Amino acid sequence: MASHTPTTGGTASDCLQVARNNTAGDCSQVARTDRFTEHLWDHTKALRVAIDELEFLRRLGDGSLPLDVFRFYVEQDSLYLSGYAKALAILASRAPDPASAAFWATSAASAAVVETSLHEDLLSGGVLPPAEQEPRHSPTCLGYVSYLIAAAATEPYPVAAAAILPCFWIYAEVGRDLAASAAKVLAADPGHPYAQWVSTYDAEEFQTAAATARTLVDAAAAAATPGEREAMVEAFTVATRYELLFWDTALHPQPWPAP
């Protein structure tokens with residue numbers, strides 16, 4: 001990978017002040033330079049285009065996704081959130097300042113309690129087909145959460161934060177489009193079995209959290225060494241690959257080899 005000298009949007013303290021103010025997290029407000037996260041975004045453009053073109057996301061948005069596939073996706077997402085909450089909690093314990101630690105810890109609590117509760121309500125509410133067996137991690141789900149937990153526990157803080165970011169940022173971008181599609185489905189069919197849930201993907205609080213996570217990664221990059229910034233690009237790329245695989249394997253599962 002070619003060496004990249006970052007031109008982040010402001011100093012670490014500048015970026016953290018934006019996060020503390022709970023703004024949209026745009027460091028360009030404090031400096032007229034490119035943000036390191038823009039480099040991450042540009043570097044993964046091909047992967048993000050592939051995500052946008054996934055059949056799973058298209059059918060999720062237009063309401064044509066089979067209910068058994070949707071149930072499998074929600075089950076995997078619930079299992080993923082449990083692991084993601086652990087990764088966020090570890091990241092919070094290694095954060096360089098109280099404001100960053102508070103944000104990652106709050107996000108961990110939300111993933112562990114609020115989001116998981118929503119999934120459980122959907123799975124047990126009679127909207128979806130009953131479970132045929134106890135859910136277990138798919139190979140992709142287990143690989144993704146294992147990677148994030150390992151990164152949070154063993155990589156330098158800037159690298160771990162970069163690995164965590166795609167789940168916030170890509171999900172926020174995809175969610176905006178999915179929510180718009182689901183709204184159209186609900187207008188035509190108010191009783192659609194899961195469009196109401198999908199329509200919440202563009203919730204303002206999640207968009208704000210994604211922006212703040214991005215701001216903190218910019219701040220981490222500003223304080224990182226050149227080698228750490230190289231590793232941040234790789235970590236963000238690996239996690240983006242897992243985002244693609246997570247959605248795609250919901251519709252095209254890759255089962256575990258038989259024992």
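**Close-up views of a predicted model**

Arg71 is buried, with a relative accessible area of 11%. This value, like the others below, comes from a predicted model.

**View A. Arg71 and Glu75 pair within helix H5.** The side chains of Arg71 and Glu75 meet in a salt bridge, 3.0 Å from N to O. The two residues are four apart in helix H5, so about one helical turn separates them. Glu75 counts as buried, at 11% relative accessibility. Arg71 is buried too, because its 11% falls under the 20% cut-off. Side chains of opposite charge can pair when their charged atoms come close. In total, the structure holds six salt bridges.

View B. Three helices each supply at least two lining residues: H5 (67–93), H7 (139–154) and H11 (226–251). H5 supplies six residues. By residue class, the lining divides into twelve nonpolar, seven polar and six charged.

**View C. Six residues line the largest cavity: Phe72, Gln76, Ser138, Phe246, Thr249 and Ala250.** H5 and H11 are the elements that give two or more residues to this lining. H11 gives the most, with three residues. The cavity has a volume of about 30 Å³. The count comes to one cavity of 30 Å³ or more.

**View D. Glu38 and Arg214 link distant parts of the chain.** Glu38 forms a salt bridge with Arg214, with the closest N and O atoms 2.7 Å apart. Glu38 sits in helix H2 (residues 36–43) and Arg214 in helix H10, and the two are 176 residues apart. Arg214 is buried, with a relative accessible area of 14%.

**View E. Helix H10 is largely enclosed by the rest of the structure.** H10 covers residues 204–223, 20 residues in all. From its first C-alpha to its last, H10 reaches 29 Å. That is close to the 28 Å expected at 1.5 Å a residue. Of its 20 residues, 14 are buried, so the rest of the structure largely encloses the helix. Arg214 of H10, the partner of Glu38, is buried.

**View F. Arg58 and Asp62 pair within helix H4.** Arg58 forms a salt bridge with Asp62. The closest N and O atoms are 3.8 Å apart. Both residues lie in H4 (residues 55–62), four residues apart, about one turn of the helix. Asp62 is partly exposed, with a relative accessible area of 37%.

**View G. Cys141 and Cys167 are both buried.** Cys141 has a relative accessible area of 0%. For Cys167 the relative accessible area is 10%. How many disulfides does the structure hold? The structure holds zero disulfides.

Conventions. Residues numbered from 1 in each chain as written. Predicted model: local features only at pLDDT ≥ 70, side-chain atom pairs only at ≥ 80, totals over all residues. Heavy atoms only, no water. Nonpolar A, V, L, I, M, F, W, Y, C, P; charged D, E, K, R; others polar. Expected span 1.5 Å × (residues − 1). Buried < 20%, exposed > 50% of the residue type's maximum accessible area, 1.4 Å probe, protein only. Salt bridge = Lys/Arg side-chain N within 4 Å of Asp/Glu carboxyl O. Disulfide = S-S within 2.5 Å. 1 Å grid on protein atoms, 1.4 Å probe; cavity = no way out; pocket = protein on both sides within 12 Å on 5 of 7 lines; lining within 4 Å. Points joined across faces, edges and corners; volume = space filled by probe spheres on them.
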